[in-house]
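Subject: Structure handover

Dear colleague,

Here is the structure you are taking over, with its sequence. My notes follow below it.

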Amino acid sequence: MDSTTRKIFIGGNWKCNGDRKFIKDNSEFLKSIKFDNSKCDVVVCPTFIHLESTLNELSGSSILVSAQNVSMNDNGAFTGEISAKQLKDLNIKWTLVGHSERRQFFGDTEEVISKKIKISLQNGINVIACIGEKLEERNEGKTLEVCISHMKTIVESVENNWDKIVIAYEPVWAIGTGKTATPEMAQEVHQQLRKWIIENINEEIASKIRIIYGGSVTEGNCNLLIKEKDIDGFLVGGSSLKSDFSKIILSYEQKL
Ligand code: PGA
């Protein structure tokens with residue numbers, strides 16, 4: 001399978017943004033975008049309290065809805081948590097795990113991330129697993145080392161569910177900063193990750209797994225980024241809250 005046969009994956013991470021009006025208006029807007037869902041998966045990630053209304057607003061469209069996080073625990077005495085079982089009950093098919101903001105502000109360690117991936121998969125929830133280096137790590141030449149250590153957590157948690165995983169490479173220094181990795185920089189990391197998967201898992205999984213890029217993706221840079229061989233889509237924060245997201249979704253046409 002080569003880059004033209006992997007289905008493009010475009011995720012919109014709304015983070016802690018939006019109110020009921022936004023959910024309604026933005027869902028209307030998303031439904032108006034004409035894209036070929038046999039060539040591109042589109043997934044949006046509202047907050048937990050907006051998951052059900054977003055699902056309802058988007059019903060009848062092919063746009064999928066993802067959680068931004070999930071508890072590492074099953075149902076029980078865990079005040080404030082939302083379990084994978086509860087997401088499943090709501091008919092949510094995806095969750096982000098290991099986003100850098102969770103790692104940085106909420107103590108999501110590799111151990112926590114591993115538990116979250118496992119419990120999601122056990123409940124039939126697909127995972128967008130986020131990895132990526134901080135600026136000082138890049139400056140010290142440790143980009144690949146950091147990404148591979150994050151990959152090892154994914155490998156040990158995924159068991160045989162590789163078809164339920166999308167890897168999001170998001171260099172932390174590019175998230176919300178307006179500093180995008182150049183297409184060449186992103187491609188280099190994606191290619192090295194795929195090579196590592198060939199060497200450490202197998203060629204078939206490496207050729208099928210989607211590795212998407214995240215970090216200041218905009219309507220201005222998406223068309224060049226998507227043309228890179230090993231970039232299979234995007235995880236978009238800020239620009240997914242705006243009409244720019246339409247052009248980012250349609251960037252899949254550049255790959256054909
Ligand atoms: P950004 O966020 O597009 O605003 O940089 C990306 C992300 O956090 O997934």
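Helices (H or I, at least four residues) and strands (E, at least two) are DSSP runs, numbered from the N terminus. The model is predicted, and local features need pLDDT of at least 70, side-chain atom pairs count only at pLDDT 80 or more, while totals for chains, interfaces and linings use all residues. Residues are numbered from 1 along each chain as its sequence is written, and side-chain values use heavy atoms, with hydrogens and water left out.

The ligand site

The ligand is surrounded by 13 residues, of which Lys 15, His 99, Glu 170, Gly 176 and Ser 216 are the closest. By class, the shell holds four nonpolar, seven polar and two charged residues. Here Ala, Val, Leu, Ile, Met, Phe, Trp, Tyr, Cys and Pro count as nonpolar, Asp, Glu, Lys and Arg as charged, and the others, Gly among them, as polar.

The protein buries 95% of the 280 Å² that the ligand exposes when taken alone. Those areas come from the Shrake-Rupley method with a 1.4 Å probe; for residues, only the protein chains shown count as cover.

His 99 sits in the loop between strand 4 (94-97) and helix 4 (100-105). His 99 is buried because its relative accessibility is 4%; buried means under 20% relative accessible area, exposed over 50%, and partly exposed in between (1.4 Å probe, protein chains only). The side chains of His 99 and Glu 170 form a polar contact of 3.5 Å. A polar contact is a pair of N or O atoms within 3.5 Å; within protein, one must be able to donate a hydrogen and the other to accept it, and residues adjacent in sequence count only if both atoms are side-chain atoms. Not counting residues up to four places away in sequence, His 99 touches Asn 13, Lys 15, Cys 130, Glu 170 and Ile 175, where contact means heavy atoms within 4.5 Å.

Ser 216 lies in the loop between strand 7 (210-214) and helix 10 (222-226). Its relative accessibility is 16%, so Ser 216 counts as buried. Ser 216 is not a glycine, yet has a positive phi of about 55°.

Another positive phi

Most residues other than glycine have a negative phi. Glu 159, also not a glycine, has a positive phi near 50°. Glu 159 belongs to the loop between helix 7 (143-158) and strand 6 (165-169), and counts as exposed because its relative accessibility is 56%.

Arg 194 and Ile 209

Which backbone oxygen does the side chain of Arg 194 reach? That of Ile 209, at 2.8 Å. Arg 194 is part of helix 8 (residues 183-200) and is buried, with a relative accessible area of 7%. Beyond its neighbours within four places in sequence, the contacts of Arg 194 are Arg 6, Ala 206, Ile 209, Ile 211, Asp 230 and Asp 232.

Ile 209 is placed in the loop between helix 9 (203-208) and strand 7. Ile 209 is buried at a relative accessible area of 3%. Although 44 residues separate Ile 209 from Ile 165 along the chain, their C-alpha atoms are 7.4 Å apart. With neighbours within four places left aside, the contacts of Ile 209 include Arg 6, Trp 162, Ile 165 and Asp 232.

Nonpolar cores

A nonpolar core is a set of buried Ala, Val, Leu, Ile, Met, Phe, Trp, Tyr and Cys residues joined through side-chain atoms within 4.5 Å. The largest has 62 residues, and those touching the most other members are Leu 30, Ile 154, Ile 165, Tyr 213, Phe 234 and Phe 245. A second, separate core has 11 residues, among them Leu 96, Val 166, Ala 168 and Leu 235.

Best regards

Methods:
Near = heavy atom within 4 Å.
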